[in-house]
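Subject: Structure handover

Hello,

My notes come after it.

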Amino acid sequence: MLIDTHAHVNFSAFKDDADEVIRRALEKNVWLVNVGSQYSTSQRAVEYAGKYSIGVFAAVGLHPIQLKKRTIEYQDDEELTPEEIKTTGENLDYAKYFELAKHPKVVAIGEMGLDYHHFEPGDNVEELKSKQKGVLLQGIRLANEVQKPMMIHCWGVKSRQERDHARTDAYDDLLDILQDNPVEKKGVIHSFVGGYKTAKKFIELGFKIGMNGVITYGIGYDRLIKEIDLEDMVLETDCPYLTPVPHKGERNEPILVELVAQKIAEVKNISIDEVAEVTTKNAKELFGI
Ligand SMILES: [Zn+2]
């Protein structure tokens, strides 16, 4: 059994066949957490979770890149409602999210966090960073209020040019925020794309590292896989994005989480069964499922 701890079958990429995709996963004994990136997709994640008696859960949040209207290549524009396009960070409707967050099938608050990778020339970077931080702090407050873990998105800069623009590193800023504002039930640093030393700092704070198809794109994350204990990892797809090799280019879906497990097994030189067993246990304990 495997758990895809971060899926978006609640996104419009699956609007024609979401139930089929979920059924396909459950038949293969893959459980999943559908993660909301704003209110509408959070609500849809809760609806799907409510429809299935077993194996389908939800996380509710507001993604940092949703805090400014823009077109991002891989972000589905249909995900934004006109109302949300106008939304700014300060407008996260805490009461509405609180109602969703109380649902018994909601196992985490997120995705929320910091994204310094998508800043564009002309952006007021300091203002966007402080908006992202503000929403993250509201998320932490919510997580502690409902006593659930957090699903954290954090992508730093990927080039020198981006670094000059953003001025600070997203992982450094996130570490500071989590140290000063502890999440009582901890959580996942999902789609982790940093180095192993950074990962270890989050692990010290009690967080799990979310591994997805990105680790199959070459040998770039082999060191991270080797350095991090299985006990500190959870698996995910982030579908429909980040499809693992050899399906890169196709729409991702929860059953492909097996390829993530396989890559970890290869690099760690252990069996895929061991990867499945330990990471499933980690996810079950973290989410209380
Ligand atoms: Zn995601």
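Below is what was found, from the whole chain down to single residues.

Ground rules first. This is a predicted model: local features need pLDDT of at least 70, side-chain atom pairs count only at pLDDT 80 or more, and totals for chains, interfaces and linings use all residues. Residues are numbered from 1 along each chain as its sequence is written.

**Overall**

The chain has 11 helices and eight strands. Helices (H or I, at least four residues) and strands (E, at least two) are DSSP runs, numbered from the N terminus. Of the 289 residues, 48% count as buried. Buried means 20 or more other C-beta atoms within 10 Å of the residue's own; exposed means 12 or fewer; partly exposed lies in between; C-beta atoms are placed from the backbone.

Two residues are in contact if their C-beta atoms, placed from the backbone, lie within 7 Å. Take the contacts between residues at least 6 apart in sequence: 75% of them join residues at least 24 apart.

**Sheet**

Eight strands form an open sheet, and the pairing is parallel. The order is β1-β2-β3-β4-β5-β6-β7-β8. The edge strands are β1 (2-7) and β8 (233-235), each pairing on one side only. Two strands pair if DSSP finds at least two bridges between them. On average, neighbouring strands are turned by 30° against each other, direction ignored.

β1 and β2 pair in the parallel sense over four bridges. L2 has V30 of β2 as its bridge partner, and A7 stands opposite N34 in β2. β1 is mostly covered: six of its six residues are buried.

**Core**

The largest nonpolar core has 82 residues. Such a core is a set of buried Ala, Val, Leu, Ile, Met, Phe, Trp, Tyr and Cys residues joined through C-beta atoms within 7 Å. V33, A58, A59, V60 and I109 touch the most other members.

In α1 (residues 18-27), V21, I22 and A25 are buried. They cover an arc of only 95° around the axis, which puts them on the same side of α1. The arc is that of the directions from the helix axis to the C-beta atoms. E20, R23 and E27 are exposed, on the face turned away from the buried side. The cover over the buried residues of α1 includes β2 (30-35), α2 (39-51) and β3 (56-60). N29 follows α1 and has a positive phi, near 65°.

How many other C-beta atoms lie within 10 Å of I22? The number is 23, so I22 is buried. Beyond its neighbours within four places in sequence, I22 is in contact with V9, Y48, Y52 and V56. G55 is 33 residues from I22 along the chain, with their C-alpha atoms separated by 9.2 Å.

α8 (residues 196-204) has T198, A199 and F202 buried. Seen down the axis, the buried residues of α8 fall within an arc of 100°, so they line one face of the helix. The face turned away carries the exposed residues K197 and E204. What covers the buried residues of α8 includes α7, β6 (187-190), β7 (208-211) and α9 (222-227). G206 follows α8, with a positive phi near 100°.

α7 (residues 170-180) lies across β4 (106-115) and β5 (150-155), running at about 130° to β4. Axes are lines fitted to C-alpha atoms, for helices over the stretch in contact, and angles run from 0 to 180 degrees between N-to-C directions.

α10 (residues 257-268) and α11 (residues 272-287) pack at about 115°, with their axes 8 Å apart. The contact is made by A261, Q262, I264 and A265 of α10 and I272, V275 and A276 of α11.

**Backbone points to check**

Which peptide bonds are cis? One joins C239 and P240, with omega about 15°. Another joins V245 and P246, with omega about 10°. P240 is found in the loop between β8 and α10, and P246 is in the loop between β8 and α10 too.

S191 has phi near 45°, a positive value in a residue other than glycine. S191 is found in the loop between β6 and α8. It is buried, with 23 other C-beta atoms within 10 Å.

N269 has phi near 55°, again positive in a residue other than glycine. N269 sits in the loop between α10 and α11. With 7 C-beta neighbours inside 10 Å, N269 counts as exposed.

Best wishes
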